[in-house]
There are 2 protein chains.
Amino acid sequence: MKHVHYTDVEAEIPNEEGAENVTIRWLISEKDGAKNFAMRLFELQKGGCSPWHQHDWEHEVFVLEGKGKLVSEEGEEELKPGDIVFVSPMEWHQFKQDGEDVLKFLCLIPYKDKK
Amino acid sequence: MKHVHYTDVEAEIPNEEGAENVTIRWLISEKDGAKNFAMRLFELQKGGCSPWHQHDWEHEVFVLEGKGKLVSEEGEEELKPGDIVFVSPMEWHQFKQDGEDVLKFLCLIPYKDKK
């Protein structure tokens, strides 16, 4: 059983074009024996954003702290703590920080079917 | 894309022997098209606990609010907001509320390999 605080897990710079002022913590991953899905925590500093992109796996997102915008092909929506987002495979999406505080959210992805 | 606040999702009484003063919200599930894993939010009121049990699928847990105890075969550990727990398949485990406030945590489970 792994039991730590999220701040005990290193914040890394994601290796992804279009991600700005973002760090990622791989809270639970294959390294821990997780075979089906991974839990990551993203922190977007002021002006931070994830890339505007699509891919053939889903996201399951829970917003922890801060404010932001969820961008989809339908436009922009406000993100606030306690919000959940399910991004289906192949849906275009982007997360943007807004306001003064760091935007923190969990984003889980599958290992299976993630090619 | 599904985007709602967690309080928009109904809190249900889990149909599980040994769960006391607990509700579960299925935030993201098969109903939403999630094929690989489900995101649930548990709320344990004062004196609440999940059953002391084991099963052949894993849990990926993130503590949101409140205090509690994580019980394993190694004993009890304190749970606080920001804690993450990875419970491997077949590990015995239990979550218990502690203190005055509601213990809220996310607990994600796989659909695949969940028999």
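Predicted model: local features only at pLDDT ≥ 70, side-chain atom pairs only at ≥ 80, totals over all residues.
**Chain A overall**
- Along the principal axes, the C-alpha atoms of chain A fill a box of roughly 40 × 30 × 25 Å.
- Read from the N terminus, the order of elements in chain A is β-β-β-β-β-β-β-β-β.
- Among the contacts in chain A with a separation of 6 or more, 66% join residues 24 or more positions apart.
- Buried residues make up 37% of the 115 residues of chain A.

**The largest nonpolar core**
- In soluble globular proteins, nonpolar side chains tend to be buried together.
- The largest nonpolar core here has 56 residues, and the members that touch the most others are Phe62(A), Leu106(A), Phe62(B) and Leu106(B).
- Leaving out residues up to four places away in sequence, Leu106(B) touches Phe62(A) as well as Met39(B), Leu41(B), Val61(B), Phe62(B) and Leu64(B).

**Trp92(A)**
- Trp92(A) sits in the loop of chain A between strand S7 (83–87) and strand S8 (94–98).
- Trp92(A) counts as partly exposed because it has 14 C-beta neighbours inside 10 Å, and a buried residue would need 20 or more.
- Apart from residues up to four places away in sequence, Trp92(A) touches Trp52(A), Gln54(A), Ser72(A) and Glu73(A).
- Glu74(A) is 18 residues from Trp92(A) along the chain, and their C-alpha atoms are separated by 9.7 Å.

Conventions: Residues numbered from 1 in each chain as written. Chains lettered and ligands numbered in written order. Helix = DSSP H or I, 4+ residues; strand = E, 2+ residues; numbered from the N terminus. Buried ≥ 20, exposed ≤ 12 C-beta atoms within 10 Å, placed from the backbone. Contact = placed C-beta atoms within 7 Å. Core = buried A, V, L, I, M, F, W, Y, C linked by C-beta atoms within 7 Å.
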